[in-house]
Amino acid sequence: MSVDLELDEKKFEQKLDLLAIRIPRELSSSITRLLNGYLLDKPRIKPIVEDPECEKNRLAILSERIQSTDLSEIPEQILESVKKLCEIEVIPHSLTLGYSYWGADHILKQILPPGVEVPSSFETTGHVAHLNICEELLPYKNVIAKVIYDKNQPRIQTVVNKVGTITNEFRVPTFEILAGKKSMETEVKQYGARFKLDYGLVYWNSRLEHEHIRLISLFKKGDVICDMFCGIGPFAIPAAQKGCFVFSNDLNPDSIEYLKINMKINKVEQFVKAYNMDAREFMKEIVEVPPGEDKMEPPVVTSIEEDKDDFTSENGSTNDTGGSNGKCVDDSTKVASAASKRRAEISSEECCSTDGEPIKGKRKGNKRIRGGVNIESACKPWEHFDHVIMNLPASAVDFLDVFNGLVQKKYWKGDLPWIHCYCFIRASESNETLLAVAEKALKAEIEEPVFHRIRDVAPNKAMFCLSFRLPKECFQEDNQSAFASGDSIS
Ligand SMILES: C[S@@+](CC[C@H](N)C(=O)[O-])C[C@H]1O[C@@H](n2cnc3c(N)ncnc32)[C@H](O)[C@@H]1O
């Protein structure tokens, strides 16, 4: 049911009968100082205004508390100081505060039933204000939207309300447009990158900005990233801007449309390759060795054992914060320290030849100095990638089985990749519960998992990022055929 309340703007008019004193224009500042505390004090209203009768004068509007024309509410001492500057002429002054003056909160309080929580705050995505109107206030949704729209011009151009819960696999809520422009296409900025999106067609959550930044801070220039559930690119685009190469995938064709637009407007087209398929198929596709490449001499495989000391601190001790129960660690700095160690290795290897000269395009694994390169020519993901992003918290862990037997040992170069798998953990569950599910999917034990808490999404449910290095047991050995053992987990 909708109460089709016509918003009668006249109803919000309030007339104030006040007093003012006429003062010479040049004394405005001095008199304002002397009458401090006795002038009209209302947000967005100036207490000193032009005198309609004489342009040499101005009017100092007095506080609502001052109602006597002899100004007896103002201390004698202050009046004496004013009188030393000019003669005091008191005149009546009336002021009408209308609909345009009042804030959304004030107006909605008068419209909505007493005692209800007034929905005057909202989230925004670009020019779109996103309301989440509770059941009780649904009959008032149109009038609420109109007030929010009117009061937030020109920043807000469209007001929408979320309808029902998200059930589709693209994680896009259903919205109804209640006020303003009918388009939900908008643009947002995050850490220097611009993102175009249609809020009604693709997933977007501004509250993930810090998490996007945190994860990208673990990547280094030249890293190869696989983003299995990329949306419109909030990880992919800034990572590419940082100098990473990104294989970026999403099942939603609209997300990929906007990802491509965002690659263009952020000028990172040659560093991102977009895919529109199921995440599992995407991972299989990018590690498939192209015909021709498989006839080449398989590279010498770097010993994974040698890289096991990633989390070893400078004095040689294992960098364990001791904050875990069991083997789960709650400290993402471990990922960062391992990444920075590797960063130091790469920059020295990549940037200089033995005689100290820079070498363009010299590689270890896929590492290559940028400059005229593009992702196609610079990266061979069947040989190496550094990080995998899996931001589909409701079910990303169920996709981990794809890594069991995914990369072929005979082609792989360097360290195995970091996997960053987002998940929800309920109050009744522990990190170990989630870890057990992940290990079952991988059919391998995860060493030194790092759990990073992102935010509470409900009273008993929080979003986490589980980061770990892909266990070497996940390698496809030379005698195995690809994906033979990739059972899905229940
Ligand atoms: C939670 S959103 C994350 C988007 C983006 N990474 C971000 O941080 O804003 C999850 C994305 O996964 C996509 N998705 C859902 N199921 C998928 C699947 N089976 N394969 C690939 N993408 C999928 C959805 O379309 C959605 O864009």
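How many residues does the hairpin that joins S16 to S17 pass through? The hairpin runs through two residues; point 2 returns to these strands.

1. Basis. This is a predicted model, in which local features need pLDDT of at least 70 and side-chain atom pairs count only at pLDDT 80 or more, while totals for chains, interfaces and linings use all residues. Residues are numbered from 1 along each chain as its sequence is written, and side-chain values use heavy atoms, with hydrogens and water left out.

2. Strand S16 (residues 450-458) pairs with strand S17 (residues 461-469) in the antiparallel sense, over seven bridges. Opposite Ala458 stands Lys461 in S17. Strands here are DSSP runs of E with at least two residues, helices are runs of H or I with at least four residues, and both are numbered from the N terminus. Two strands pair if DSSP finds at least two bridges between them.

3. The four-stranded sheet. An open sheet is formed by four strands in the order S2-S3-S1-S4, with antiparallel pairing. S2 and strand S4 (89-97) are at the edges; each has a single partner strand, so one side of each is left without a neighbour in the sheet. From one strand to the next, the twist averages 40°; axes are lines fitted to C-alpha atoms (for helices, over the stretch in contact), and angles run from 0 to 180 degrees between N-to-C directions.

4. Inside that sheet. Three bridges link S2 and strand S3 (residues 57-61) in the antiparallel sense. Glu50 has Arg58 in S3 as its bridge partner. Leu19 belongs to strand S1 (residues 14-24) and counts as buried, at 8% relative accessibility. Buried means under 20% relative accessible area, exposed over 50%, and partly exposed in between (1.4 Å probe, protein chains only). The C-alpha atoms of Leu19 and Ser68 are separated by 8.3 Å, although the two residues are 49 apart along the chain.

5. Ligand shell. The ligand has 20 residues around it, of which Phe229, Asp250, Asp278, Ala279 and Asn391 come nearest. A residue is near a molecule or strand if one of its heavy atoms lies within 4 Å of it. The shell consists of twelve nonpolar, five polar and three charged residues. In this division Ala, Val, Leu, Ile, Met, Phe, Trp, Tyr, Cys and Pro count as nonpolar, Asp, Glu, Lys and Arg as charged, and the others, Gly among them, as polar.

6. Ligand distances. A polar side-chain atom of Asp250 lies 2.6 Å from an oxygen atom of the ligand. For Asp278, a polar side-chain atom is 2.8 Å from a ligand nitrogen atom. Phe229 places a backbone N or O atom 2.8 Å from a nitrogen atom of the ligand. On its own the ligand has 590 Å² of accessible area, and the protein covers 97% of this (Shrake-Rupley method, 1.4 Å probe).

7. Backbone points to check. Gln153 and Pro154 are joined by a cis peptide bond, with omega about -5°; Pro154 is in the loop between helix H4 (141-151) and strand S7 (158-163). Arg44, not a glycine, has a positive phi of about 65°. Arg44 is in the loop between helix H1 (28-34) and strand S2 (48-50) and is exposed, with a relative accessible area of 63%. Tyr191 also has a positive phi, near 35°. This residue is in the loop between strand S9 (185-190) and strand S10 (193-198), where Tyr191 is partly exposed at 28% relative accessible area.

Definitions and conventions:
Polar contact = N/O pair within 3.5 Å; in protein donor to acceptor, adjacent residues only side chain to side chain.
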